[in-house]
Amino acid sequence: MFEAVLLTVITAATPLLIAAIGELVVERSGVLNLGVEGMMIMGAVMGFAVANLTGSGALGIFAAILAGVAMSALFGFLVLNLVANQVATGLALTILGIGFSGLIGEAFIGVPGLKLPQIVIPGLSDIPFFGPVFFRQDAIVYISFALVAAVAYTLFKTRVGLILRAVGDNHGSAHALGYSVIRIRFMAVLFGGACSGLAGAYLSLAYTPQWVENMTAGRGWIALALVVFSSWLPLRVIVGAYLFGAVNVLNLHAQAMEMDIPSQFLSSLPYLATILVLVLISANRRLTLVNTPACLGKSFVPDR
Amino acid sequence: MDARALTKRFGDILANDRVDLVINKGEIHALLGENGAGKSTLVKMFYGSLEPDGGEILWQGNRVKIDNPATARELGIGMVFQHFSLFEALTVVENIALALPNPGRMADLAKRIEAVSKDYGLPLTPTDVVADLPVGIRQRIEIVRCLLQEPRLIIMDEPTSVLTPQEADRLFLTLQRLAKEGCAVLYISHRLEEVKRICHHATILRHGQVVRECDPTKETPASLASMMVGADVAAVSASEKKANLGGVRLGLKNLSAPAATPFATALNKISLDLRAGEVVAIAGVAGNGQGELFDAISGERPVRSFMIEIDGTACGTKSITWRRRQNAAFVPEERLGHGAVPGMLLSQNVVLTRHATSDGLSWGGLVSLPKAVSIQERIKRDFDVRMSHDNPEARSLSGGNLQKFVVGRELDRKPGLLVVDQPTWGVDAGAAALIRQALIDLARSGSAVLAISQDLDEIFEIADRIAVISRGYLSEAEPAEKMTRERVGLLMAGGAETQGDVA
């Protein structure tokens, strides 16, 4: 029983984890992309459509990533090159993604989907309890952990990461030192788009292998909340994603067992947790100010 | 370095018009000029942040194109910025690594930083996070960052504006040592005393053109100033007549307030009696609680009621408007954004600070715009605010003119109490003299003036009494004629604190 619950928690947490780690990189570079939901759902529909037409899960994942990148490129062009307002553009991206995915997905409603195969890791998967839970997963779950590790290492141990954090902390100084703020931010935005697309693919190819309109159901927003919840630290994103994933699963089980907790309350828990974290953060600002990208959401125009 | 006929255009404005400048090896070369004379534009072209529209730059005899700061650094040109180009959330070593082309391993770099910084008498701890460091140390980081690039030319943009006199002295020693080692220094400053003291050569810019070159050691600060402005600068007269002291207008009683953010300063038991008829100046290095003190006095940040008295009424919790109705006026440090709304007309900005006072600008919630326009015109006339057309948006004014406007807006009310933070910050010599004279005249006419400033020349020019703020402690205000620069410097460097503790 517990094993089964844990398995569902992993499936609930993985899309949150992937989308959040991508958005974390974007925000570390100083850009706030509120379009995660829109990029995710475009990834979900494109992933499903291509996997369905070609019969290849890998091609589906690839198409989903491309869809996310394309959406984020549009966002990047608007907010970085044309200096549009980031909040408004991000919201528009979400609305666009939800609408456009519905249009594309029209033909795929009710079509049986393709489920990504489990990749059994020999040896490790025979460990009692842990083996079946952690080492009989599909490719995207493994990728999600690899992504977090790679992002954490890159951000804090490499020069690229240092430059990215510098751009997010003070774009004026970074520009004065000769770094191309716009280019670096564009790369980060594209990475975020790729992650969101991948997260979307997980929903339509692994979580519930079918296409349902609006199937992201607010997960993009939870991913955004997660970034704040983790105070922009990659390893904490894992904690947050699994916590929020668990709440999600608890919600389903509570309904199934007809417990006396209103499901609306449980769905609001991730957001309540985020508000709580924000309150705690403002109590200890010394630490957070060092991790919060100071230029988050601010437009940059070089004085040339 | 040899720059020939450098030209830079911003729209219709020629920021630099065929500027020629030669900087020799081992020379400390001063670049002087009023605000907006084109100094920053010029050095940005040297450092590759801006591209010239015309002219050429020769570096060690060869023609070079500096299109990027990285190129400049490769050539051996380093720059210490006026507004530091540091990343607060990063550590010292990370900040320095960002400016080096091949920083190598962080641990090795940290060792090099320690060695070089100690060698030049500017010790640094590589693992400190910049956000925790005071401005003096931050500047060291910038300088050490330059030194690690083994530069042939260091450009310094107003390096001493944030330093105590003692810290500045240490900086001068470093600069002189660098010059002796053959490094050239291009030194931008408003402080003519310093220029005279350490620079070998000076180039003076006015309206984007080179107007003079001279040897500053053979000039006086006054003659340098008149070259910059192009006219004699009227000396401020503190009118020999001693101030006629009246009653206490502003009383601070053990004013204390905790720091609002981790990077802010707490105020510690600040006490001061400001009388009608006098100018009291508060000296101190930036970031020692001046902003917090100003906010408490103006009412932007409420404190306990008894801590502040205006004309004998306790008002620590009262609003800004209430205080303005008591005939008090406030001019904050940041003129654009805090002192004036950039996108609003000057007349509308007049309404913003004077809507509640006895100017009759507002009645029953309606605003009389014609009255605001006429007040705006009066300010323009009395304070010589220059503008391209009538009643423009605040942002279109140059820094000095906007400062004249925001100070003039309050002086025009003839307030009984004026509190002004950095009255002439970033303002050219001519405008500064006008503002200082206006402050003195206001005090002589029976008002109380509290001026918070980092400029010691200014303080000694205008103040009847001087107090020093350091880390949120205020020293006792002492008569200006008994104060010396050395004493003020010691108080700035922490003496005010110990004195405050004893008191």
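Visitor: How many residues does the contact take from chain A, and how many from chain B?

Guide: In this predicted model, the contact takes 16 residues from chain A and 21 residues from chain B. A pair counts here if the C-beta atoms lie within 7 Å.

Visitor: Which elements of chain A give two or more residues to the side that touches chain B?

Guide: Those are helix 7 (159-169), helix 8 (171-176) and helix 13 (285-291) of chain A. Helix 7 of chain A gives the most, with five residues.

Visitor: What makes up that side of chain A, in terms of nonpolar, polar and charged residues?

Guide: It divides into eight nonpolar, three polar and five charged residues.

Visitor: Why is chain A called as compact as a globular protein of its length?

Guide: Set the value against the rule: the globule rule gives 19 Å for 304 residues, and the radius of gyration of chain A is 19 Å, so the chain is as compact as a globular protein of that length. Its C-alpha trace spans about 60 × 45 × 45 Å along the principal axes.

Visitor: What share of chain A is buried?

Guide: Buried residues make up 47% of the 304 residues in chain A. To count, a residue needs 20 or more other C-beta atoms within 10 Å of its own.

Visitor: Where does UniProt place a "transmembrane region" in chain A, and what is the chain like over residues 265-283?

Guide: The unreviewed UniProt entry lists several spans, including 6-26 and 265-283 of chain A. Residues 265-283 of chain A are 100% helix and 0% strand, with end C-alpha atoms 26 Å apart. Residues 6-26 of chain A are also 100% helix, and their end C-alpha atoms lie 30 Å apart.

Note on methods
Residues are numbered from 1 along each chain as its sequence is written. Chains are lettered from A and ligands numbered from 1 in the order in which they are written. This is a predicted model: local features need pLDDT of at least 70, side-chain atom pairs count only at pLDDT 80 or more; totals for chains, interfaces and linings use all residues. The radius of gyration is taken over C-alpha atoms; the globule rule is 2.2 Å times the number of residues to the power 0.38. A residue is buried if 20 or more other C-beta atoms lie within 10 Å of its own, exposed if 12 or fewer, and partly exposed in between; C-beta atoms are placed from the backbone. Two residues are in contact if their C-beta atoms, placed from the backbone, lie within 7 Å. Helices (H or I, at least four residues) and strands (E, at least two) are DSSP runs, numbered from the N terminus. Ala, Val, Leu, Ile, Met, Phe, Trp, Tyr, Cys and Pro count as nonpolar, Asp, Glu, Lys and Arg as charged, and the others, Gly among them, as polar. UniProt positions are given in the numbering used here, feature names are shortened, and annotations may be inferred rather than shown by experiment.
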